[in-house]
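Colleague: Hi! Could you walk me through this one? I'm new to reading structures.
Modeller: Happy to, let's open it up.

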There are 2 protein chains.
Amino acid sequence: MTEHLVVFQPSGNRGNIQEGKTIMEAARELGVGIQSICGGHQACGKCKIKIQDYHAYYESNKKGKKRISAPTEKEIELLGEDAIANGYRLACATQVLGDLTIDVPPETQVNQEVITKTATQKAVTIKPAVKKLYLEVPQPRLGASQGDWERVSEELKKRFGLADLSVDHGALATLPKALRDGNWKVTVTLFMEKKVIKVESGLAEAAFGVALDIGTTTLAGYLCDLTTGETVASEARSNPQISYGEDVISRITHTVHSKKGLKELRSCLFESLNKLLKDLSSGANITRKDIIDATIVGNTAMHHIFLNLDPRHLGSSPFTPVLQSPMDMNARDFGLEICPGANVHILPVEAGFVGADNVAVVIAEEPFKQDEMMLVIDVGTNGELVLGNREKLISASCATGPAFEGAHIKFGMRAARGAIESIKIDPKSYDVRFKVVGENRWNDQDPQVKATGICGSGIIDATAELLRAGIINPRGAFNKNISNPRMLYNEKETEFVIAWVDETDVGHDITVCQNDIRSMQLGKGALLTGANLLMRQMGVDSVDKVVLAGSFGLHIDKQNALDMGLFPYVDPEVVYSTGNAAGEGARLALLNTDKRQEAADIARRIEYIELSLEPDFQKEFVQALIFPTPQEVKSR
Amino acid sequence: MTEHLVVFQPSGNRGNIQEGKTIMEAARELGVGIQSICGGHQACGKCKIKIQDYHAYYESNKKGKKRISAPTEKEIELLGEDAIANGYRLACATQVLGDLTIDVPPETQVNQEVITKTATQKAVTIKPAVKKLYLEVPQPRLGASQGDWERVSEELKKRFGLADLSVDHGALATLPKALRDGNWKVTVTLFMEKKVIKVESGLAEAAFGVALDIGTTTLAGYLCDLTTGETVASEARSNPQISYGEDVISRITHTVHSKKGLKELRSCLFESLNKLLKDLSSGANITRKDIIDATIVGNTAMHHIFLNLDPRHLGSSPFTPVLQSPMDMNARDFGLEICPGANVHILPVEAGFVGADNVAVVIAEEPFKQDEMMLVIDVGTNGELVLGNREKLISASCATGPAFEGAHIKFGMRAARGAIESIKIDPKSYDVRFKVVGENRWNDQDPQVKATGICGSGIIDATAELLRAGIINPRGAFNKNISNPRMLYNEKETEFVIAWVDETDVGHDITVCQNDIRSMQLGKGALLTGANLLMRQMGVDSVDKVVLAGSFGLHIDKQNALDMGLFPYVDPEVVYSTGNAAGEGARLALLNTDKRQEAADIARRIEYIELSLEPDFQKEFVQALIFPTPQEVKSR
């Protein structure tokens with residue numbers, strides 16, 4: 001039995017291969033992952049490889065000293081004469097007849113690394129939960145009693161070594177027509193190498209998945225090509241549950257007070273999610289049924305509502321979730337209008353107030369793979385903190401209130417067009433310069449968009465600038481000795497004018513009032529207390545890196561956040577904003593099942609600290625309410 | 001560490017057990033199966049055992065020489081003082097303090113044998129797919145982040161060694177309320193030691209399952225107590241699909257011709273099945289939701305329609321089923337209104353015309369466990385044959401036509417009230433005596449019920465008697481030389497009067513006509529050809545045992561069937577009628593999961609013979625159309 005030395009590059013795997021075996025077989029023997037969806041039928045062209053020094057081999061082949069088999073008709077059809085002349089061949093078609101060195105191009109490698117596409121998207125190895133396999137199934141014949149499914153599953157075993165597969169009943173129902181329409185050629189979609197979830201006629205390579213981030217305020221969806229890892233469409237829209245209450249507590253309360261409450265919250269959510277899926281699909285020129293995998297993240301309340309689990313016990317001590325573990329289920333069971341047999345993977349939650357969205361943030365930021373002590377701050381209506389490194393991870397939830405989102409602020413609003421997002425106050429004249437969302441120019445540069453309110457980053461700027469100018473003191477009280485047109489001393493409370501009426505679109509001055517400062521104090525006090533107690537628990541005095549997750553972090557001025565003492569002081573250089581890290585975590589889990597396992601492990605591993613049970617919680621909180629003094633800020 | 005010798009009876013398992021361990025623990029160590037649903041909480045009382053020579057032990061115990069621990073309060077409450085004085089104790093509560101011999105009563109043994117209850121019910125070892133487990137779950141506490149499900153699943157692991165369990169999403173949704181309503185005590189229903197499918201508050205022992213036999217004509221249901229194996233209710237009703245056609249071919253045709261055909265057939269079937277389930281449940285004083293497991297059998301067309309699989313390819317060559325393997329799915333997925341998370345197990349089919357009903361017959365009759373060569377004949381609208389023994393099994397389908405069910409016979413009818421079921425013809429006077437369904441007296445004994453038609457067993461009697469009297473010859477032709485008032489020579493065909501008009505309720509004579517005899521010939525020819533070809537394939541000249549499955553077999557006169565040559569000749573003593581063996585197979589598979597595995601193995605193992613492809617099929621068939629001659633019959 002003649003053998004030849006075969007070497008694969010770039011992996012360097014090498015070994016002796018029996019003459020006559022295909023390069024695909026050689027790759028399998030030597031543990032080299034080569035893409036193929038047709039399983040060696042010379043039908044998909046995915047297993048394209050390049051023979052080194054092909055010209056010499058090809059010529060030697062022509063002259064009779066064969067090192068490789070001649071190109072087949074199908075190879076020529078799929079690759080073209082030119083590519084073949086340049087040494088490209090199909091691994092499944094080319095036989096080893098002599099010693100060979102083979103380059104496996106990146107697109108042919110299994111588990112390829114995808115390069116970061118945008119500032120907030122991370123590189124990820126493509127290892128999706130679903131896989132498409134092309135099959136040529138033997139026709140049934142009289143006297144053979146095998147069913148359609150049995151012939152398909154036998155072919156899957158023979159061709160791909162897959163045994164003990166199950167089949168989704170909906171996919172099974174489409175099988176007989178798909179087989180006959182495709183003239184006994186079909187593409188099956190396999191979930192986790194265990195279950196056939198879809199059957200299509202002929203060769204159907206396209207594979208899409210969706211990552212959904214169900215936020216209290218915003219629903220975000222990312223449609224990804226599961227073969228390239230590319231995000232082909234993304235969409236966001238308001239969570240329609242807002243009509244049942246702005247925060248999770250009011251929505252939980254609705255499920256308690258109304259018998260149909262949970263059903264109402266679910267049905268408006270799913271209606272909106274399904275519309276979002278429709279928009280995503282049309283954006284990518286596919287239909288919703290082409291989406292064959294999904295991952296879901298959300299805070300614990302959204303997680304429960306999505307899963308049709310009663311959220312009432314999340315709303316009162318001891319804040320127990322029904323389910324903490326990840327959950328896999330069929331899209332059809334939950335009315336998510338993608339491929340009905342598709343799996344929907346819901347990431348695990350950590351604890352009552354630390355949800356699957358936070359787990360997603362953690363698997364996106366990966367503190368557990370770092371030596372540096374990282375503090376991840378995810379601020380929405382509620383604040384979630386994770387502190388740790390590869391040694392240990394601890395988390396906490398803190399009731400920041402919605403001030404950082406611009407809610408419960410006199411002129412607060414979301415970061416929508418017209419929201420004041422940046423503010424500068426002259427420490428002497430108290431003159432104010434500001435910029436609004438949707439406008440590049442400052443207010444003194446004749447902007448086109450007028451102000452309509454103040455958003456989260458604006459109110460942080462305002463707080464920091466008011467502190468710097470000494471207009472408020474570290475205890476948050478206005479300095480009532482200042483006499484300036486911008487200082488309004490009303491009967492009820494003191495206000496500071498940010499935008500004069502003619503700079504606004506709302507018919508009156510836009511101000512920051514004493515109550516707004518109190519809301520900021522409560523929010524920052526809660527966040528800082530949480531961070532301080534986590535650090536104490538971890539036994540550290542400082543952190544190496546702060547990650548601000550969520551869109552909140554994308555817009556705020558880091559220096560201002562530090563100067564108002566929003567979180568423990570670090571060099572501004574090590575404060576990072578990651579945008580929608582929860583959505584990013586969902587996307588990573590969609591593209592790579594290892595990230596799902598990682599999420600499950602992390603959710604169990606993170607030690608959750610109930611802050612209110614910590615000794616000195618109250619004392620710490622009172623302390624944390626105080627803003628840094630100008631002296632403190634200067635001495636940093 | 002002191003150890004004591006513990007012996008369990010009747011198994012005889014013995015070994016040294018560490019002092020202080022419970023008898024339950026000793027049983028586990030020594031491999032003795034003891035019932036328990038509460039997992040050692042002294043709550044269910046299922047683990048009742050008897051201590052041999054208890055009196056001596058008990059006394060010695062009282063005097064201080066302890067061999068067993070004293071009864072606990074809960075034991076006294078559950079067993080009563082009297083039982084304890086007689087040596088009964090709970091295995092989970094009683095500690096080993098000295099050498100002991102313990103009797104495990106039958107009801108405490110795991111996998112107990114159930115005694116045959118009726119003539120047609122077989123003994124079976126109880127080993128259902130579902131199991132109920134009682135749990136006392138730790139309460140949630142502030143600062144611990146575990147969810148309700150995680151605490152339940154941890155308890156299942158700790159108490160029963162069950163790891164990696166999944167949970168039905170519907171069961172999960174009921175979990176928080178069940179836990180709190182039951183004060184953290186719940187009973188979970190576990191499917192195949194893998195998945196929690198139901199949760200109930202407190203201790204809930206009752207466990208019911210249903211076996212459904214979906215016949216072309218009749219739907220039959222058997223409600224069984226899964227703890228005792230007892231059939232607590234059984235019901236039958238007409239298959240409402242009859243309005244779409246009497247036989248499977250016309251129903252398959254309906255699905256081809258009408259777009260909504262399959263949907264219509266399914267929805268009327270499920271409506272009727274759900275009503276049947278309701279009747280079964282009220283018959284046993286339970287609700288449908290209390291049914292936590294189900295098995296389904298039916299011919300291939302019924303199997304496909306039940307599973308929402310397109311049956312069209314069953315109707316034309318090569319008669320390929322969509323699915324041959326067994327299928328497990330959730331009741332909720334198919335609208336079967338039992339416990340929504342319950343598993344529904346559909347038995348496998350063998351081939352295009354040999355369905356799950358036939359597999360069920362085979363696992364009920366078990367030819368594969370016997371040395372004798374057994375021929376199983378299942379006659380309905382279609383005939384299915386299985387021939388074999390422990391060495392080999394072969395099957396065939398033969399187109400008997402519906403004559404044996406009384407259809408396509410001039411005065412044919414089902415075996416309903418008024419149907420002539422037994423016939424005797426005087427070979428000299430040609431006088432006829434007959435008996436109808438619903439009447440104990442013959443027609444000459446002044447019966448109350450008048451005749452309305454002839455059913456399958458009646459037409460077989462008529463054929464055999466007409467042959468005996470020489471009124472028809474072995475080729476099936478009427479002897480036109482006979483002059484008798486009962487012989488009617490019409491223009492179109494010859495008839496023989498069975499019942500005179502005044503003996504009937506239909507206003508005219510009831511006759512057997514030439515066409516009826518031809519239908520019988522075609523039916524018996526098909527059946528006999530099938531049996532002969534199977535025997536040839538098997539290489540045998542005769543069989544040791546004939547089993548007639550189905551209600552058809554229950555009513556026919558064996559001698560008459562043999563004399564008209566319905567199947568190969570055997571001693572009438574070895575012809576058995578089993579009633580609804582398909583339903584019985586479904587019941588056995590419900591009560592014992594080993595039978596499900598057996599069915600899956602058998603369905604793959606049985607060699608299916610396509611009769612029309614056999615050489616000499618046509619020749620054999622023509623031969624088989626001929627009835628045995630009186631000489632042949634006499635010489636047997």
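Colleague: How are α5(B) and α6(B) oriented to each other?
Modeller: Keep in mind that this is a predicted model. Helix α5 (residues 148–160) and helix α6 (residues 169–181) of chain B pack at an angle of about 80°. Angles of 65 to 115 degrees count as roughly perpendicular, so α5(B) and α6(B) are roughly perpendicular to each other.

Colleague: And how far apart are the axes of the two helices?
Modeller: The axes of α5(B) and α6(B) are 10 Å apart.

Colleague: Next helix! Which residues of α7 in chain B are buried?
Modeller: In α7 (residues 248–257) of chain B, these are Val248(B), Arg251(B), Ile252(B), His254(B) and Thr255(B). Looking down the axis of α7(B), the buried residues fall within an arc of 150°, so they line one face of the helix.

Colleague: What covers the buried residues of α7(B)?
Modeller: The cover includes α8 (261–283) and α9 (300–306) of chain B.

Colleague: Let's hop to chain A. Where is Thr300(A), and is it buried or exposed?
Modeller: Thr300(A) sits in helix α9 (residues 300–306) of chain A. Its relative accessible area is 2%, and since buried means under 20%, Thr300(A) is buried.

Colleague: What is Thr300(A) in contact with?
Modeller: Leaving aside neighbours within four places in sequence, Thr300(A) is in contact with several residues, among them Leu314(A), Pro321(A), Val349(A) and Phe353(A).

Colleague: What about Thr504(A), where does that lie?
Modeller: Thr504(A) is in the loop between β25 (494–499) and β26 (510–513) of chain A. Thr504(A) is buried too, with a relative accessible area of 6%. Not counting residues up to four places away in sequence, Thr504(A) touches Lys450(A), Ala451(A), Ala499(A) and Ile510(A).

Colleague: Zooming out, how many helices and strands does chain A have?
Modeller: Chain A has 19 helices and 29 strands. Of its 636 residues, 57% count as buried.

Colleague: How are chains A and B related?
Modeller: A rotation of 180° with 0.0 Å of shift along its axis superposes chain A on chain B, with an RMSD of 0.2 Å. The two copies are thus related as by a two-fold rotation axis. In chain A, the C-alpha nearest that axis belongs to Asp333(A), 4.0 Å away from the axis.

Colleague: Why do we say the copies meet through the same surface?
Modeller: Because 100% of the interface residues of chain A are also interface residues in chain B.

Colleague: Which value does phi of Glu193(A) have?
Modeller: Phi of Glu193(A) is near 55°, a positive value in a residue other than glycine. Glu193(A) is partly exposed, with a relative accessible area of 42%.

Definitions and conventions. Residues numbered from 1 in each chain as written. Chains lettered and ligands numbered in written order. Predicted model: local features only at pLDDT ≥ 70, side-chain atom pairs only at ≥ 80, totals over all residues. Heavy atoms only, no water. Helix = DSSP H or I, 4+ residues; strand = E, 2+ residues; numbered from the N terminus. Buried < 20%, exposed > 50% of the residue type's maximum accessible area, 1.4 Å probe, protein only. Contact = heavy atoms within 4.5 Å. Least-squares fit on C-alpha atoms with pLDDT ≥ 70 in both. Axes fitted to C-alpha atoms, helices over the stretch in contact; angles between N-to-C directions. Parallel < 35°, antiparallel > 145°, perpendicular 65-115°, else oblique. Arc of directions from axis to C-beta.
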